[in-house]
Amino acid sequence: MLGIRLAVVVLLAGLAAPVSAAVTTDLPAEERLRLRVETLHLADGGRAAGELLAASGLITELYARNGFQPMWRRPTMVEELMTSVAGAETHGLDPEDYHHRAIERLWTAGVRPGDGTLAGEDLDLLLTDAFARLAFTLHFGKLLPNDFHPQWNFERSFGVADPVAWVARQLDAGTVAAGLIAAAPQTLFYRRLQDLLARYRTIETSGGWPTIEAGPTLELGSTGPRVAALRQRLEISGDLPPDPAVDPELFDEAADAAVRRFQTRHSLEADGKVGRRTLAELDVPVRHRIDQVRANLERIRWVLRDVGDNVLIVNIAGFDLWLVRNREVAWRTRVQVGTPYHQTPVFTDLMRYVVLNPTWTVPPGILRNEVLPAARKDPGYLPAERLRILDRQGREIDPSTLDLSGPFPYTVRQDAGPDNSLGVVKLMFPNPYHVYLHDTPSKSKFARAERAFSHGCIRVQDPLTLTELVLEGSGWDRARIDAVIASGETTTVRLPTPLPVMLLYWTVEVEADGTAYFFRDPYDRDDAVIAGLDRPFAVAPGMVPAMVSGAAR
């Protein structure tokens, strides 16, 4: 028996080398399955029917708890999983990541789990791996968010102490489809994106939308075949209601309104003119829009399951701030975020206090790269900007007495006031990146469609309303806040309860009426996520320990 066991181990270690009938017929099916499961880690993660088994740790633990018996005992369970795997497309995922063709091939050929054959064992293992892969992907996402956001610090949990036991319960109860539905995000935000994905895939299968040839700017009153192509393009995307009575080559008022709607939905200045930038957005293929939606479904899987009832969310790519109370958006305003060179990081922390009439201490990077070079060129720069140089004891130093080109062991501070770079209020969630929310004297920039202007902090269009909202219940109403600001006195006020702040990044959003907004991906992050979704499934270290080691997350 030992010799036979060693032979099986060697064969299994050969990366999907078939186990010969001459060897396996001497082993009971239960013993053979146990050996296969126990040696998965020796075979490049293990394979079944030529397919790599990613959840090797979970499979080993799961089958051990089940006495090395087949897990898929009822045909209805298999059929539910096959339907769910095919439906992975509705989540922007590739069914082939979950052994779609391999399972279909075996099932169609009459192979059944537990039929005592090697093929039956292969199918049982593939079904288990597919279920685990899909459940964990729907819950956590296919990719590691840390690979895209180095500052990522969100806590993500499967929601149960023992993920292996959770899988066992679903299979024991036969609740395959229900378990997978529960694993996916249960938010309107996610479901609306799924609906948008279905709509755009229908557009793609119908031939997509036409491109519009380059040429002079199209606007109200323009005529010609380019206008006809424009109208067709806008009708397909739902921006222009079809009207067979209208001259298709005329840019009329309806076309003007449709162009403005399209521009608003694609983060463009809504002027009704189809110039170079609007034309470029119109000519983006529907396949790319589909991929954008897929990327943002993945981003939701990374984080939105763990959003609390009360939270402040900033969408960096959409230049928006959302205040959520009792899981409903209670308030929303525009923000300005970091430039592509000074990107606002993606992370979470707790807002703990606000500062009215804040001073501004120039951060080291801005001091080194901007303030000191400007002061060297123009001796009047520091006074004009109301910037004071302070030594370590807090004493003010006359800049004319210093060599600004040498070592600079000083602090540069701007006094409080309406022209302070932070405006009249900052809202603090202390973090290693020196990023926070604040007012700004640069109010006019909020009117722009794209608002990436800061050094990384978030400038808020209506910071005093936000301050009033986050201080609610602390005795600080708007009148008291305004009175302190009018006094010019720097005042710190602690929040009654720390408020979670989530700085996130998503580039597609769907309103309740189905209107879709595509943001312009200011930090060029969509393509990397799309490429990751298109790569074959792989379990990376740190993704889901239960899949690799069998340990609870």
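## Thr515 and its surroundings

A polar contact of 2.9 Å joins the side chains of Thr515 and Asp513. A polar contact is a pair of N or O atoms within 3.5 Å; within protein, one must be able to donate a hydrogen and the other to accept it, and residues adjacent in sequence count only if both atoms are side-chain atoms. This is a predicted model: local features need pLDDT of at least 70, side-chain atom pairs count only at pLDDT 80 or more, and totals for chains, interfaces and linings use all residues. Residues are numbered from 1 along each chain as its sequence is written, and side-chain values use heavy atoms, with hydrogens and water left out.

Thr515 sits in the loop between strand S16 (508-510) and strand S17 (516-518). Helices (H or I, at least four residues) and strands (E, at least two) are DSSP runs, numbered from the N terminus. Thr515 is buried, with a relative accessible area of 9%. Buried means under 20% relative accessible area, exposed over 50%, and partly exposed in between (1.4 Å probe, protein chains only). Leaving out residues up to four places away in sequence, Thr515 touches Arg261, Arg265, Glu509 and Val510. Contact means heavy atoms within 4.5 Å.

## Salt bridges

The structure holds 37 salt bridges. Each is a side-chain nitrogen of Lys or Arg within 4 Å of a carboxyl oxygen of Asp or Glu. One of them pairs Glu450 with Arg277, the closest N and O atoms being 2.4 Å apart. This pair links distant parts of the chain: Glu450 lies in the loop between strand S12 (437-438) and strand S13 (452-454), Arg277 in helix H13 (residues 276-282), 173 residues apart. Glu450 is partly exposed at 28% relative accessibility. Arg277 is also partly exposed, at 38%.

Asp309 forms a salt bridge with Arg327, with the closest N and O atoms 2.9 Å apart. Asp309 is in the loop between helix H14 (286-303) and strand S3 (311-315), while Arg327 is in the loop between strand S4 (320-325) and strand S5 (328-338), 18 residues apart. Asp309 is partly exposed at 40%, whereas Arg327 is exposed at 51%. Asp419 and Arg386 meet in a salt bridge of 2.7 Å, N to O. Asp419 lies in the loop between strand S10 (411-414) and strand S11 (425-428) and Arg386 in the loop between helix H16 (381-384) and strand S8 (387-390), so the pair ties together parts 33 residues apart in sequence. Both count as partly exposed: Asp419 at 45%, Arg386 at 27%. Elsewhere, Glu204, Arg287, Asp291, Arg294 and Asp534 are linked in a network of salt bridges.

## Helix H11

Helix H11 (residues 225-236) has 12 residues. Its expected span is 1.5 Å times one less than its number of residues.

The buried residues in H11 are Arg226, Val227, Ala229, Leu230, Arg231, Arg233 and Leu234. Their cover includes helix H12 (253-265) and H13. H11 is followed by Gly238, whose phi is positive, near 85 degrees.

## Strand pairing

Strands of a sheet pair through backbone hydrogen bonds, either parallel or antiparallel. Two strands count as paired if DSSP finds at least two bridges between them. Strand S6 (residues 347-356) and strand S15 (residues 491-504) run antiparallel, joined by nine bridges. Val355 has Thr492 in S15 as its bridge partner. S6 also pairs with S11 in the antiparallel sense, over four bridges. There, the bridge partner of Tyr353 is Met428 in S11.

An open sheet of four strands has the order S7-S10-S8-S9, with antiparallel pairing. Strand S7 (360-361) and strand S9 (396-397) stand at the edges, each with a single partner strand, so one side of each is left without a neighbour in the sheet. S7 and S10 run antiparallel and are joined by two bridges. Trp360 has Gln414 in S10 as its bridge partner.

## The whole protein

The protein has 20 helices and 17 strands. Its C-alpha trace spans about 90 × 75 × 50 Å along the principal axes. Of its 553 residues, 51% count as buried.

Among contacts between residues at least 6 apart in sequence, 68% join residues at least 24 apart. The accessible surface comes to about 24,300 Å², of which 53% belongs to carbon and sulfur atoms. Accessible areas come from the Shrake-Rupley method with a 1.4 Å probe; for residues, only the protein chains shown count as cover.
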